[in-house]
Amino acid sequence: MPQLEKLRHALGRHLQMDDSAWHAASELFKIKPWQAGEHIFRAGETPRRLYFILEGFGRYYYLTPQGKECNKSLTRPGSLFASMHSLIANQPSPFSTQALTDNFTACISYRDMTKLADNYSAWNHLTRMLLEGLAIKKERREASFLMQDAQQRYQGFLREYGNDAQHFPLYQVARYLGITDVALSRIRARMGLTEVKESA
């Protein structure tokens, strides 16, 4: 299956996985497409799966009591949709996840993932890498809001996402940075940048 082979190729950039470890997992993964605007899961649900992104871009977001959307994270190929709060604590997710473009994901239940980790060192290593990566990303994001101004946060976003930055509408980037569309436009003007992608 071509899409599933993309997952193996992507994982192969981070860890060595022999055929036995891969074949044990290949039957457990399911390919799931998502249309632009579709939610993978919503706040209040308790998703029990991990969705590895093979193609497409998306976001994690919170919805305030006043109805304001605040982006927690922006996703791209190689990242994933998951709520660790739901997977580990079996509690409803406090945030929603949404495809911003058409997406293809390879999804697997957390139960199957833990079984793979128990039986294969490669999957154990991957699980640890995922948890460590999430912890590091959370710390960096907290530090950016505490220690940097909005322009520095935007510059950090451009460095982190590189060419992928152009795939996100600017109003979604502004929500990720915690600023208004107008504030982001002013920052971009000061930096001498042109519009990357018009707001939808």
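This is a predicted model: local features need pLDDT of at least 70, side-chain atom pairs count only at pLDDT 80 or more; totals for chains, interfaces and linings use all residues.

Me: Is H7 largely enclosed or open, and how many of its residues are buried?
Reply: Buried means under 20% relative accessible area and exposed over 50%, with partly exposed in between (1.4 Å probe, protein chains only). The buried residues of H7 include Tyr171, Val173 and Tyr176. They pack against S4, S5, H5, H6 and H8. H7 is largely enclosed by the rest of the structure, because its buried residues number 7 of the 8.

Me: What is the angle between H5 and H6, and what is their relative orientation?
Reply: Axes are lines fitted to C-alpha atoms, for helices over the stretch in contact, and angles run from 0 to 180 degrees between N-to-C directions. The axes of H5 and H6 are 9 Å apart, and the helices pack at about 150°. Angles under 35 degrees count as roughly parallel, over 145 as roughly antiparallel, 65 to 115 as roughly perpendicular and the rest as oblique. H5 and H6 are therefore roughly antiparallel.

Me: How many charged residues are in the contact of H5 with H6?
Reply: Contact means heavy atoms within 4.5 Å. On the H5 side are Lys137, Ser144, Phe145 and Met147, which meet Gln152, Arg153, Glu160 and Tyr161 in H6. Asp, Glu, Lys and Arg count as charged, Ala, Val, Leu, Ile, Met, Phe, Trp, Tyr, Cys and Pro as nonpolar, and the others, Gly among them, as polar. The contact has 3 nonpolar and 2 polar residues, and the charged ones number 3.

Me: At what angle do the axes of H4 and H5 cross, and what is that orientation called?
Reply: The axes of H4 (residues 110-119) and H5 (residues 121-147) come within 5 Å and cross at roughly 125°. That angle makes the orientation of H4 to H5 oblique.

Me: Which residues of H4 are buried, and why do they line one face?
Reply: Arg111, Asp118 and Asn119 are exposed on the other side of H4. The cover over the buried residues includes H2, S3, S8 and H5. Seen down the axis, the buried residues fall within an arc of 100° (taken from the directions from the helix axis to the C-beta atoms), so they line one face of H4. The buried residues are Met113, Leu116 and Ala117.

Me: Is Thr97 buried or exposed?
Reply: Thr97 sits in strand S7. Leaving aside residues up to four places away in sequence, Thr97 touches Glu38, His39, Ile40, Phe41, Arg59, Tyr60 and Phe81. Because its relative accessibility is 0%, Thr97 counts as buried.

Me: Which residue other than glycine has a phi near 55°?
Reply: Most residues other than glycine have a negative phi. The residue in question is in the loop between H3 and S7. With its positive phi near 55°, the residue is Asn90.

Note on methods
Residues are numbered from 1 along each chain as its sequence is written. Side-chain values use heavy atoms; hydrogens and water are left out. Helices (H or I, at least four residues) and strands (E, at least two) are DSSP runs, numbered from the N terminus.
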